[in-house]
There are 2 protein chains.
Amino acid sequence: MSQIDTKEKILDVAEELFAKTGYRGTSMRAITSQAEVNLAAVNYHFGAKQGLITAVIERRLLPLNKLREQGLSAAKEKAAKEGKKPDVPAVLLAFIEPTLLLPDSAPGARNFITLIGRALADTDKTARNIFILNMKPIIRIFYTCLVEALPDIPKDVVYWRLNFVIGSLSHTMRAIDRCPVPMDEAVAHDARSLVKLLMPFVTAGMEAPL
Amino acid sequence: MSQIDTKEKILDVAEELFAKTGYRGTSMRAITSQAEVNLAAVNYHFGAKQGLITAVIERRLLPLNKLREQGLSAAKEKAAKEGKKPDVPAVLLAFIEPTLLLPDSAPGARNFITLIGRALADTDKTARNIFILNMKPIIRIFYTCLVEALPDIPKDVVYWRLNFVIGSLSHTMRAIDRCPVPMDEAVAHDARSLVKLLMPFVTAGMEAPL
DNA sequence: CTGTAGTTCAAACGTTCGTTTAAAATACTT
DNA sequence: AAGTATTTTAAACGAACGTTTGAACTACAG
């Protein structure tokens, strides 16, 4: 088995188990046995458990953030042709759409989205800090665009509303494979229809009068 | 030291530590040493660690849900006097206000709100199941009221929007003691102003056109 | 004061955890 | 094909975990 096979197999299994049982709740033995590699393989390839969760997160988060940045740039260019700044739904869509559509992009990414959905709420600082470190710059970019798109809303209100959006989005991400709060009704939820459901909600919330 | 003192001291410390470092991340030894009680005290008074987290959650969640129910009943009565059903902001306020104001009600409740804010996102089934078990009935009540208040919105859309609200709220609850996503600007956030910030957002989101 | 139920205590239990080690096996270069 | 570098392996490490135990201690009724 080549090195790359081992590393990627570990990453895939770790992604799945971290998403299901969290960072603390997933043991190295559970990862390595399901990945059918030796227990010491994680420490050899990633140094330690922390190095593994870092690699798991960054493997998909960096490309995702690139997608979000590209989407925002496209929206900016499109608006610039009419001498304007992108409006609220355009900005929010550039952030939300690549996120919720991620599970359709790669087979293993479905686990990743619930993992990331939990990251902000995780009590373990390891996963949360890695996540925040990677998210801070891009959130700042979107924040700036939202402030420009909402000239009548004070900056700190925009800040909080952006956080409300992040809260809704991350909660939805966690719900992709499981009803967020179980109800008796069966509720369908494919990724694309979730975007269509979430967008009007967050757009109206962002643009709401004070 | 009387039995009640020991039990409550354990509950207070456990509430604080569970909120800070999660269920798995908090050891019985950390709890008992900070509470200045014997290690075996938790097993004696609560049977096991799971019994402790159950007691920690239910101690404040049951009264909180009673407050929410009372608030909703009051809104229903008020609307009934005009032969109407309570509108969206009235329903949402009955859910949100007691929640965010909880930290001001009791000194230790500040820890509880972040604990509960994490509960839905927790990877550990222990805490999440206890929380969901206690929340399911009351969420159903509010869901029904929202459906009545939004006759033009399909039921399943209302369901998802309610979940978006829950996502925003729980994210905010986690942020009460710490910036949700750190920004360079200092952002003030006392409980009452958070209610004033969140309410227009979720109301507009709920009432948004399809 | 005596006896009983309730509570606290130090100590140890077995298990699981992340990590390390050094030898064995494989892959790659010359 | 030989020799070096990389990777895999089995075994063990010490530490931390939740829980159990039985004796010591406390409070209070008879």
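I begin with one residue, B:F112, which sits in helix α6 (residues 109-119) of chain B. Helices here are DSSP runs of H or I with at least four residues, strands are E runs of at least two, and both are numbered from the N terminus. Before I go further, please note that this is a predicted model, in which local features need pLDDT of at least 70, side-chain atom pairs count only at pLDDT 80 or more, and totals for chains, interfaces and linings use all residues. Residues are numbered from 1 along each chain as its sequence is written, while chains are lettered from A and ligands numbered from 1 in the order in which they are written.

Is B:F112 buried or exposed? B:F112 is buried, because 24 other C-beta atoms lie within 10 Å. The rule places C-beta atoms from the backbone and calls a residue buried if 20 or more others lie within 10 Å of its own, exposed if 12 or fewer, and partly exposed in between. Beyond its neighbours within four places in sequence, B:F112 is in contact with B:E15, B:A19, B:R60 and B:L102; contact means that the C-beta atoms, placed from the backbone, lie within 7 Å. B:D12 is 100 residues from B:F112 along the chain, yet their C-alpha atoms are separated by 9.4 Å.

Let me turn to the fold of chain A. Chain A has 10 helices and zero strands, so that, by the DSSP runs already described, its elements read α-α-α-α-α-α-α-α-α-α from the N terminus on. The C-alpha trace spans about 60 × 40 × 30 Å along its principal axes. Of the 210 residues of chain A, 43% count as buried. Among contacts in chain A with a separation of 6 or more, 69% join residues 24 or more positions apart.

Next, the interior. In soluble globular proteins, nonpolar side chains tend to be buried together. The largest nonpolar core holds 113 residues, and A:A14, A:V91, A:L92, B:A14 and B:V91 touch the most other members. Such a core is a set of buried Ala, Val, Leu, Ile, Met, Phe, Trp, Tyr and Cys residues joined through C-beta atoms within 7 Å. Not counting residues up to four places away in sequence, B:A14 touches B:I31, B:L52 and B:V56.

A contrasting case is A:E36, in the loop between α2 (28-34) and α3 (41-46) of chain A. A:E36 counts as exposed, because it has 10 C-beta neighbours inside 10 Å. Its phi is near 60°, a positive value in a residue other than glycine.

Finally, how do the chains meet? 43 residues of chain B are in contact with 43 residues of chain A. On the side of chain B that touches chain A, two or more residues come from each of α1 (3-25), α7 (125-149), α8 (155-175) and α9 (191-207) of chain B. α8(B) gives the most to that side, with 15 residues. A rotation of 180° with 0.0 Å of shift along its axis superposes chain B on chain A, with RMSD 0.0 Å; this is the relation of a two-fold axis. The superposition is by least squares on the C-alpha atoms of residues with pLDDT of at least 70 in both copies. The copies meet through the same surface, because 100% of the interface residues of chain B are also interface residues in chain A.

Technical notes. Two residues are in contact if their C-beta atoms, placed from the backbone, lie within 7 Å.
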